[in-house]
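Me: I have a model open and want to go through a few local features. Can you take my questions as they come?

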Amino acid sequence: MWQRHKDIWSKEKTCDRLPKFLIIGPQKTGTTALHSFLSLHPAISSSFPSPISYEEVQFFSGPNYQRGIDWYMDFFPIPSNVSTDFLFEKSANYFDSEVAPPRATALLPRAKIIAVLINPADRAYSWYQHQRAHQDVVALNYSFHEVVSARRSSPPALQALQRRILGPGAYASHLDRWLHHYQPSQLLIVDGVLLRSNPVQVMNGVQKFLGVTPHYNYTQALMFDETKGFWCQRLDGARSRCLGKSKGRKYPDMSAETRALLSEHYREQNLELLRLFNRLGQAPPPWLREELHGASWS
């Protein structure tokens, strides 16, 4: 624990209300769905939603860190059984933060870390559409291709949006930063594509990784909602409870020209990501092999 933590740690405090694992993101990969499915588990409890930061605590990655440990711990319920209850939080901007990994490991050295990944080109496009839906002026005034192909001579606001859209997709670099502070055995990379198509399989793997008991039957807990087009919580009868209206938002397909540009942009990072999967002993997702088809993996 960092000296700063020790200096503000009173004798009355315990670690009971600190999370056992973190979902670190990145944005637009399926972290909200994972959070929702985990919250169904009887032995797993999420942090309380924050009213000011898109429901996420965002403690380790920004100015909230200066609010201190008491502020952070107040976001978590008091566990009914410290040894068996699993507290967690999801803050998707932890993933590409430079300060989050060292801060997190200083306070939570034994925590497990979960990242959700999809093709970085698809993640970038989804984030762009997310910004448009939230009336981002730059995203509304420029096409996706104009954003990702912006040059140094482009307007500063356009370059800033480009960095925000493309930066988190450098998966290997960001994961290496987390692995500098956490052991490989503490990190699980979830295939966001599989989470969307077969969440039961993914959730069984997540439960095994966490070592949580009892084993929760997600086959009975989840159902595919034909109207929404994704998996939701099963209620009584044929009813379901799904994520918010923005989830599953439809938008035009990315152009072939733009996809080719992004495939080239992320090629080295994707190659490094494949090597990282091999080092971790985790199977790379099909989308990564498809993206790198014909490339040298050595």
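**Pocket, strand and loops**

Reply: In the lining of the second largest pocket, α11 gives the most, with five residues. Helices (H or I, at least four residues) and strands (E, at least two) are DSSP runs, numbered from the N terminus. This is a predicted model: local features need pLDDT of at least 70, side-chain atom pairs count only at pLDDT 80 or more, and totals for chains, interfaces and linings use all residues. Residues are numbered from 1 along each chain as its sequence is written, and side-chain values use heavy atoms, with hydrogens and water left out.

Me: What is the volume of the second largest pocket?

Reply: About 360 Å³. A pocket here, on a 1 Å grid over the protein atoms alone, is an open set of points where a 1.4 Å probe fits, with protein on both sides within 12 Å along at least five of seven lines; lining residues have an atom within 4 Å of a point. Grid points are joined across faces, edges and corners, and the volume is the space filled by probe spheres set on the points.

Me: Which lining residues lie nearest its centre?

Reply: L188, I189, V190, D191 and L194, out of 16 lining residues. Both β5 (187-191) and α11 supply at least two residues of that lining.

Me: Switching to β3 (residues 86-90): how many of its residues are buried?

Reply: Five of its five residues are buried, meaning under 20% relative accessible area, with exposed being over 50% and partly exposed in between (1.4 Å probe, protein chains only). F86, F88 and K90 are on one side of β3, L87 and E89 on the other. In a regular strand the side chains alternate between the two faces of the sheet.

Me: Which strands pair with β3?

Reply: β1 pairs with β3 in the parallel sense over three bridges, and β2 (residues 44-46) also pairs with β3 in the parallel sense over three bridges. Pairing requires that DSSP finds at least two bridges between two strands. I23 has K90 as its bridge partner in β3, and S45 has L87.

Me: Now the loops. Where is the cis bond at P26?

Reply: It joins G25 and P26, with omega about 0°. P26 lies in the loop between β1 (21-25) and α2 (31-38). K28 is also found in the loop between β1 and α2, and its phi is positive, near 65°. Most residues other than glycine have a negative phi, and most peptide bonds are trans.

Me: K28, buried or partly exposed?

Reply: K28 is partly exposed, at 24% relative accessible area.
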